Amino acid sequence: MAWNLDNNSAIYLQLMNEIERRIITGQYLPGTRLDSVRELASEAGVNPNTMQKALSELERSGLVYSQRTSGRFVTDDGERIERMKMEIAKQAAKEFLKQMRELGFSTEEIKQILDDVKEED
């Protein structure tokens, strides 16, 4: 799986976002063990310390938890995963609306564009 990282924001935040995305889309299933920090860092092409920071932050958010001798696991809390999914969706929608308004579209025009795209899909 490709890790598309860029220099526009902190690498650890991009790693967090990618792992979150993989969790909410089911690539990393609830309760499954994640690869080790070194394995994930190698896959992503980043320093293990950077990956460690990203995983520690995900632990704070509750999406990931550690078991001392067994490694890190995706939370079993389906409600937490759904809440995270909804938060990400709302943030994406807010960003979309902001961009459309910057382009000068009204709410009605935005709705019409979405309807048109939905019909094409």
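# Reading helix pairs, a hairpin and a salt bridge

Guide: Start inside helix H1. Glu 18 and Arg 22 lie 4 residues apart there, so about one helical turn separates them. Keep in mind that this is a predicted model.

Visitor: What do the side chains of Glu 18 and Arg 22 form?

Guide: First, the general idea. Side chains of opposite charge can pair when their charged atoms come close. Now the case here. The side chains of Glu 18 and Arg 22 form a salt bridge, at 2.7 Å from N to O.

Visitor: How many salt bridges does the count give?

Guide: The count comes to 8 salt bridges.

Visitor: Now the helices. How are two packed helices described?

Guide: Two numbers do the work: the angle between the axes and the distance between them. Take H1, residues 11-24, and H3, residues 48-61. Their axes lie 8 Å apart, and the packing angle is about 55 degrees. That angle makes H1 oblique to H3.

Visitor: Which hand does the crossing of H1 and H3 have, left or right?

Guide: H1 crosses H3 in the right-handed sense. On the H1 side, the contact uses Ile 11, Tyr 12, Leu 15, Met 16, Ile 19 and Glu 20. H3 brings Thr 50, Met 51, Lys 53, Ala 54, Leu 55, Glu 57 and Leu 58. Sorted by type, the residues of this H1 and H3 contact are 9 nonpolar, 1 polar and 3 charged.

Visitor: At what angle does H1 pack with H4?

Guide: H1 and H4, residues 78-102, pack at about 120 degrees. Their axes are 10 Å apart. H1 and H4 are therefore oblique to each other. Their crossing is left-handed.

Visitor: Which residues of H1 and H4 meet?

Guide: From H1 come Glu 20, Ile 23 and Ile 24. From H4 come Ile 81, Met 84, Lys 85 and Ile 88. The contact of H1 with H4 holds 5 nonpolar residues, 2 charged ones and no polar ones. Look at Glu 20 again: this residue of H1 is listed in the contact with H3, and it also meets H4.

Visitor: How do the axes of H4 and H5 cross?

Guide: The axes of H4 and H5, residues 107-120, cross at roughly 115 degrees and come within 10 Å. This crossing of H4 and H5 is right-handed. Phe 96, Leu 97, Met 100 and Arg 101 of H4 make the contact with Thr 107, Ile 110, Ile 113 and Leu 114 of H5. The residues of the H4 and H5 contact split into 6 nonpolar, 1 polar and 1 charged.

Visitor: On to the strands. In which sense do E1 and E2 pair, parallel or antiparallel?

Guide: Find E1 at residues 64-67 and E2 at residues 71-74. They pair in the antiparallel sense, over 4 bridges. A hairpin of 3 residues links E1 to E2.

Visitor: Which residue in E2 is the bridge partner of Ser 66?

Guide: Ser 66 has Arg 72 as its partner in E2. Gln 67 stands opposite Gly 71 of E2.

Conventions
Residues are numbered from 1 along each chain as its sequence is written. This is a predicted model: local features need pLDDT of at least 70, side-chain atom pairs count only at pLDDT 80 or more; totals for chains, interfaces and linings use all residues. Side-chain values use heavy atoms; hydrogens and water are left out. Two strands pair if DSSP finds at least two bridges between them. Helices (H or I, at least four residues) and strands (E, at least two) are DSSP runs, numbered from the N terminus. Axes are lines fitted to C-alpha atoms, for helices over the stretch in contact, and angles run from 0 to 180 degrees between N-to-C directions. Angles under 35 degrees count as roughly parallel, over 145 as roughly antiparallel, 65 to 115 as roughly perpendicular and the rest as oblique. A crossing is left-handed if the near helix is turned anticlockwise from the far one by less than a right angle, and right-handed if clockwise. Contact means heavy atoms within 4.5 Å. Ala, Val, Leu, Ile, Met, Phe, Trp, Tyr, Cys and Pro count as nonpolar, Asp, Glu, Lys and Arg as charged, and the others, Gly among them, as polar. A salt bridge is a side-chain nitrogen of Lys or Arg within 4 Å of a carboxyl oxygen of Asp or Glu.
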